[in-house]
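The sequence and the structure are shown first.

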Amino acid sequence: GPWERELRAALSDAFKRLLRPSLEREWRRRLKELAEDDAFDTYRRNIHSKLLTPPLRLHPDWGDSSGDGPVVSVLGIDPAYRTGCKMALIASTGQVIATKVVYPHPPHIAASVPPVQAEQAAALLQELLEVGLQQSSASDAPHARLICSIGNGTASRETESWLRQHVGGTAGLPGRIAYCVVDEAGASVYSASPLAGKELPDMDVSMRGAVSIARRLLDPMAELVKIDPQSIGVGLYQHDVDHRRVVSELKAAVMDCVNSVGVDLNTASPSLLEHVAGLSAALARNIVEHRSARGPFASRAEVLAVKGVGPKAHHQAAGFLRVYGGSEPLDATPVHPESYEVAKRFMRTRESYGGHDIAALAVAWGVGAQTLSDIEAALAGTVKDPREAQPPPRIKAPGSGKRKSQGSGAVDAQESGITVDLLTPGLKLQGVVRNVVAFGAFVDIGVGHDGLLHVSQYPPTARGRADALSVNDNVEVWVQGATRSTGGGKGSAGKGADGPPSKDRWRVSLTAVEPSGLANA
């Protein structure tokens, strides 16, 4: 009809001007939400792996159950070139014993270290090591051990080499001194924070970073909860998504990790207590002030005497708080106070039931079968710390003769003296996963530049799975290639301002699939 052309024109205009833009905005919004959901999943997984890094006491070779002598102190080292390496010696309780600044490296690439400066740096290091080994009882003195915790930022590789040479070449140190490279992301943020100012008021800001690096090896969770989760250095696109949701999601992830482990009510800091379910920052401070004024808590019930802690907050928090050596033995277990009567009744009768009638017993007592099963596990001591299932940090002992053989042929690049410019395709290296993102994982292979392990290069059994690798996983990878780009900035991750000038950047690609026809170097 005569109106057909006008009607088609109106429909075309409506589609182009109204419908299509609206549909595009809608689909863009939906796709962005899906991308953000995936990003948040990545954040949570990485934060979970980071916070649940096993503390030093759980290490199989250097922990409490190793049987080779106690680790009596930790020496934290914040490496640097021009400003020197900040060194902080802490006791096994986290208390600071001594601090030093040494200058074992030249201020820039073309310079060299004067002999007098090198001797002074070695003497100061030796002094701290000797003081650290003396922090033991008389009976433990011959077997006392010390671990150095080295930050993985600027000059980390050079500091590791310097420390290894000193320990390996000094009589009496091999076998008693070890070192571990830890992720120092967020250490500078903590150093300048008001919390660090309250904890270490008389210490220089630059030295607080070394204390944080030492404590990260001693008890990673207790130290990392002091830092804004966005500054811990995991995930991707943190600044491109909804900031409020980032804060909310990551705070929930931190709380979940803290609650899964539990908190010692008589030793925990306010920054750790505030992540316990039911406790706010103000209540955490009140608990610590009450503890300082009236002494240690003898039971979970005494928390009700703290200002601001009511029955509701106590009910939420009690199951995650631990009181060791108190008036109620069950306070040291994950059993909630509301289940104490059931737990005590079970202790009196479990021998007659033999542990195989839990379901029937739960029905008879009117409690949940899972609740009673959890109580049985807690009383039997079979409830494991979730951190025991995580890979322990890689600790190296120079000159001890205990170097683990790698039957697979994987090489430790740092110990073998391999630098980034010596990387060749097919070289098999040991590595530690530092970050996991949607398209792959960034792996520290010990050459000062992290390599990218793309998802397409994951092992065949793990390919296509976003959770195939986790932060802190120990992996073995092959080098695919290393490309240099000059003038990319100073230093490596985290502290570029102190790095040597005109340091090249490298792009290192890795694979977890053994290359065919390539021999390992």
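In this predicted model, Glu33 and Arg29 are joined by a salt bridge, with 2.7 Å between their closest N and O atoms. Both residues belong to helix H1 and stand 4 residues apart, which is about one turn of the helix. Glu33 is partly exposed, at a relative accessible area of 38%, and Arg29 is also partly exposed, at 38% relative accessibility. The pair belongs to a network of salt bridges that links Glu26, Arg29, Arg30 and Glu33.

**Salt bridges**

Side chains of opposite charge can pair when their charged atoms come close. The structure holds 21 salt bridges; the table lists some of them.

| Salt bridge | Closest N to O distance |
|---|---|
| Glu33 and Arg29 | 2.7 Å |
| Lys100 and Glu127 | 3.6 Å |

Lys100 and Glu127 form a salt bridge. Lys100 lies in strand E3 and Glu127 in helix H2, so this pair ties together parts that are 27 residues apart in sequence. Lys100 is partly exposed, with a relative accessible area of 25%, and Glu127 counts as partly exposed at 38%.

**Other features of helix H1**

Helix H1 covers residues 4-51 and includes Trp27. Together with Phe15, Leu18, Leu19 and Leu23, Trp27 forms a nonpolar surface patch with about 520 Å² of accessible area. Asp38 also has its place in helix H1 and is partly exposed, at 36% relative accessible area. The C-alpha atoms of Asp38 and Val437 are 9.6 Å apart in space, although 399 residues separate the two in sequence.

**The sheet and its helices**

An open sheet of 5 strands has the order E3-E2-E1-E4-E5, with mixed pairing. Strand E3 (96-102) and strand E5 (177-182) are at the edges with a single partner strand each, so one side of each has no neighbour in the sheet. From one strand to the next, the twist averages 20°. Strand E4 (residues 145-151) pairs with E5 in the parallel sense over 6 bridges, and Ile147 has Ala178 in E5 as its bridge partner.

Helix H2 (residues 115-133) lies across strand E1 (71-78), strand E2 (85-91), E3, E4 and E5, and runs at about 170° to E3. Helix H6 (residues 205-218) packs on the sheet and touches E1, E2, E3, E4 and E5, its direction making about 50° with that of E2.

Ser149 is located in strand E4 and is buried, with a relative accessible area of 0%. Among the residues that Ser149 touches are Val74, Leu75, Gly76, Ile77, Cys180, Val182, Ile213, Ala214 and Leu217.

**The chain as a whole**

The protein chain contains 15 helices and 12 strands. Of its 521 residues, 45% are buried. Of the contacts with a separation of 6 or more, 65% are between residues 24 or more positions apart. The chain exposes about 25800 Å², of which carbon and sulfur atoms supply 54%. Along the principal axes, its C-alpha atoms fill a box of roughly 105 × 75 × 50 Å.

Conventions: Residues numbered from 1 in each chain as written. Predicted model: local features only at pLDDT ≥ 70, side-chain atom pairs only at ≥ 80, totals over all residues. Heavy atoms only, no water. Pairing = 2+ DSSP bridges. Helix = DSSP H or I, 4+ residues; strand = E, 2+ residues; numbered from the N terminus. Axes fitted to C-alpha atoms, helices over the stretch in contact; angles between N-to-C directions. Contact = heavy atoms within 4.5 Å. Buried < 20%, exposed > 50% of the residue type's maximum accessible area, 1.4 Å probe, protein only. Patch = residues over 30% accessible without salt bridge, like charges linked within 9 Å, V, L, I, M, F, W, Y side chains within 5 Å. Areas by Shrake-Rupley, 256 points an atom, 1.4 Å probe, with all protein chains shown as cover. Salt bridge = Lys/Arg side-chain N within 4 Å of Asp/Glu carboxyl O. Lists of a residue's contacts leave out its neighbours within four places in sequence.
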